[in-house]
Amino acid sequence: MKLPRDQYAVMKVGERVNYAQAIEGAIDSSHSWFLHQGIIWDWQKRAATSVDTSPRLEAEDTDYGFRYAAIRVPVQNPDTERYIRVTLFLVPFTAFIPRPLDKTTYAHIQIFVPVDNERTIFYGIFFTQNDNPVDEEAMRREHHCVPGVDLDRNWYKLANEDNWFNQDRAAMKNGSWTGINGFSNQDMACQESMGPIVDRAAEQLGTSDIAIIRMRKRMLEAVRRFQDGEPLIGLDPDLPHDRIRSEQLVVPIDQPWQSVGAYAGEYKPKAGVPV
């Protein structure tokens, strides 16, 4: 938030989906190896670093919400190293996506603001990891989120379930996993195609859903704290928001994943912290 205005870009897009459902898509680290393969900025480096499509997930609560790690076996030195991607969720609606391995590309966070029970406004904030300026208009074109071209006057996508989210079947035959342009649009297509509110009573959650389970627990805890008149999660004025970091790194196998990102360099092991 302290960067010069020319070093970040903001996209605003409406989603026809419940806001919790949108967040659950954002904080899931496993899907990017499938849904976004080939189009995310650091894909070549990421694919060269690990071909492990079934990461082990571990999570812990924090003062701002929670963070979790997707832990993968790397291609090189698989016996002595691990590839760690740490995603953060700040209650009530901000997801810090792991910064790209290629530091010449952009990092980003995602914010989901509920409109009503079946609609959400998504803000994607992309920022430079160096001193180079960000072309905001070019970024919106790249993500197919240009107002008046890709979005209607209320910011909702013209690509929707009625037109199959503009899916290009020819592109799929030529290697595109989804045939949908822009990784934000790919996420939204998956979130919206489930319907505006998923029947969670029919879910069968598994080990790949650890982040989703943790998010729901933290949000329910936040509601209970509010009802009991207790301080809300994330509102501590001493929280070092300017040092909160998501990250992805290859680290020695015995290095705690909690040392990656977060309050960079400040991790101290805690006895008995649940994961």
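How many residues does the hairpin that joins S4 to S5 pass through? Please build the rest of the picture around strand S4.

Analyst: The hairpin joins S4 to S5 through three residues. Before going further, please keep in mind that this is a predicted model, in which the chain averages a pLDDT of 87 and 94% of the residues score at least 70. Over residues 269-275 the pLDDT stays under 50.

Strand S4 itself covers residues 81-90, and nine of its ten residues are buried. Its pairings with other strands can be taken one by one. With strand S3 (residues 65-72), S4 runs antiparallel and is joined by eight bridges; one of the pairs brings Arg72 together with Tyr83 in S4. With strand S9 (residues 247-252), S4 is again antiparallel, this time over six bridges, and here Glu81 has Pro252 in S9 as its bridge partner. With strand S5 (residues 94-96), the sense is also antiparallel and there are three bridges, including the place where Leu90 stands opposite Thr94 in S5.

Thr87 is in S4, and it counts as buried because its relative accessible area is 4%, while the cut-off for buried is under 20%. Leaving aside neighbours within four places in sequence, Thr87 is in contact with Ile27, Phe66, Arg67, Tyr68, Phe96 and Pro98.

Two of the residues in that list, Phe66 and Tyr68, return when we turn to the aromatic rings, for ring pairs link Phe66, Tyr68 and Phe89 into a cluster. The whole structure holds three aromatic pairs. In one of them, the rings of Phe112 and Phe122 have their centres 5.4 Å apart and their planes at 45°, so this pair is tilted. Because Phe112 lies in strand S6 (residues 106-116) and Phe122 in strand S7 (residues 119-128), the pair ties together parts that are ten residues apart in sequence. Both Phe112 and Phe122 are buried.

To return to the part you asked about, S4 is a mostly covered strand that has antiparallel pairings with S3, S9 and S5.

How values were computed
Residues numbered from 1 in each chain as written. Predicted model: local features only at pLDDT ≥ 70, side-chain atom pairs only at ≥ 80, totals over all residues. Heavy atoms only, no water. Buried < 20%, exposed > 50% of the residue type's maximum accessible area, 1.4 Å probe, protein only. Helix = DSSP H or I, 4+ residues; strand = E, 2+ residues; numbered from the N terminus. Pairing = 2+ DSSP bridges. pLDDT = per-residue confidence, 0-100. Contact = heavy atoms within 4.5 Å. Phe/Tyr/Trp six-rings, centres within 6.5 Å; stacked < 30°, edge-to-face > 60°.
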